[in-house]
Amino acid sequence: MSGADPPPGTATNPPAASRLIVDARGSWCPGPLMELVRVIREEPVGTEFELLSSDEGSRKDVPMWLEKAGHRLVEFRSDSGFDRYVVQKTHE
Amino acid sequence: MGDVGASPAEQMAVVLTENSADKLLPFATLVSGAVAMGMRVDVFASYWGLLAFRKSSGSEPAVVSPGHGEEGSRLEAALRAKKAPSWRAILQMAKSIGELHIYACSQSMDVLGLAPGDLEPIVDGVTGVATFVDRTRSANVTYFI
């Protein structure tokens, strides 16, 4: 992941994992949630996403949306300056 | 839209009459949040709200609505410093993930001497108020901004 960083919100496939990274750092509320909604619509069932967000509001909004939409929050981790949400799409 | 978690009947109606940054950013944020939650959103842009969608208006009004004195200038500076997102880009993103319709108020078009070609393509069409009200008569929530 060195050199060319993807623009915010771009889904890329890191070589070491089968997770799609959705880098929404710097995006204002509800940007990270919108990015997540977009990629979940586009990718097949079973795909895992790693959403990166520096938006505080997402800490409540993302889990709430996942519960309503019925997708799975696999892991939440707070890093320095941003949060990681590992999410799995469980249905169409 | 089954993946978004709301019933298709859930609908938000928004009447937008302002075009300053301190109204357009909260407007775009509210609308995009509703779309992300699976609601259908219908916007009626009238008067200054319609001017916000005029092609020549540029997408980022830096101007805070009057009456806020020094706080207004402070907000403008903060929006620049914190790299505020483009309100139009937020709406564009919302359109790409769900159901967002933006209508221009026909009366405002007449008063301001605007033709449909003067508006940004994100505007879906020009309608009279009765058509908008009919379209949103079963909306769960209505906002006037």
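Author: Helices (H or I, at least four residues) and strands (E, at least two) are DSSP runs, numbered from the N terminus. By that rule, chain B has 6 helices and 5 strands, and its elements run β-α-β-α-α-α-β-α-β-α-β from the N terminus on. This is a predicted model, in which local features need pLDDT of at least 70 and side-chain atom pairs count only at pLDDT 80 or more, while totals for chains, interfaces and linings use all residues. Residues are numbered from 1 along each chain as its sequence is written, and chains are lettered from A and ligands numbered from 1 in the order in which they are written.

Reader: Which residues does Thr136(B) touch, not counting residues up to four places away in sequence?

Author: Contact requires C-beta atoms, placed from the backbone, within 7 Å. With those sequence neighbours not counted, Thr136(B) touches Gln11(B), Ala13(B), Asp42(B) and Thr142(B). Thr136(B) and Glu71(B), by comparison, are 36 Å apart in space, C-alpha to C-alpha, and 65 residues apart in sequence.

Reader: What makes H1(B) roughly parallel to H4(B)?

Author: Axes are lines fitted to C-alpha atoms, for helices over the stretch in contact, and angles run from 0 to 180 degrees between N-to-C directions. Angles under 35 degrees count as roughly parallel, over 145 as roughly antiparallel, 65 to 115 as roughly perpendicular and the rest as oblique. H1(B) and helix H4 (residues 87-97) of chain B pack at about 15 degrees, with axes 9 Å apart. H1(B) is therefore roughly parallel to H4(B). Their contact divides into 12 nonpolar, 2 polar and no charged residues. Here Ala, Val, Leu, Ile, Met, Phe, Trp, Tyr, Cys and Pro count as nonpolar, Asp, Glu, Lys and Arg as charged, and the others, Gly among them, as polar.

Reader: How do you know that H1(A) and H2(A) are roughly parallel to each other?

Author: The axes of helix H1 (residues 31-42) and helix H2 (residues 58-69) of chain A come within 9 Å and cross at roughly 25 degrees. H1(A) and H2(A) are therefore roughly parallel to each other. The residues in contact are Pro32(A), Leu33(A) and Leu36(A) of H1(A) with Ser58(A), Asp61(A), Val62(A) and Trp65(A) of H2(A). By class, this contact has 5 nonpolar, 1 polar and 1 charged residues.

Reader: What is the largest nonpolar core, and which residues have the most contacts inside it?

Author: A nonpolar core is a set of buried Ala, Val, Leu, Ile, Met, Phe, Trp, Tyr and Cys residues joined through C-beta atoms within 7 Å. The largest has 54 residues, and Leu36(A), Val31(B) and Ala45(B) have the most contacts inside it. Helix H1 (residues 21-36) of chain B gives the most to this core, with 9 residues.

Reader: How many residues of chain A are in contact with chain B?

Author: 15 residues of chain A are in contact with 14 residues of chain B. The largest share of the chain A side, 7 residues, comes from H1(A).

Conventions:
A residue is buried if 20 or more other C-beta atoms lie within 10 Å of its own, exposed if 12 or fewer, and partly exposed in between; C-beta atoms are placed from the backbone. Two residues are in contact if their C-beta atoms, placed from the backbone, lie within 7 Å.
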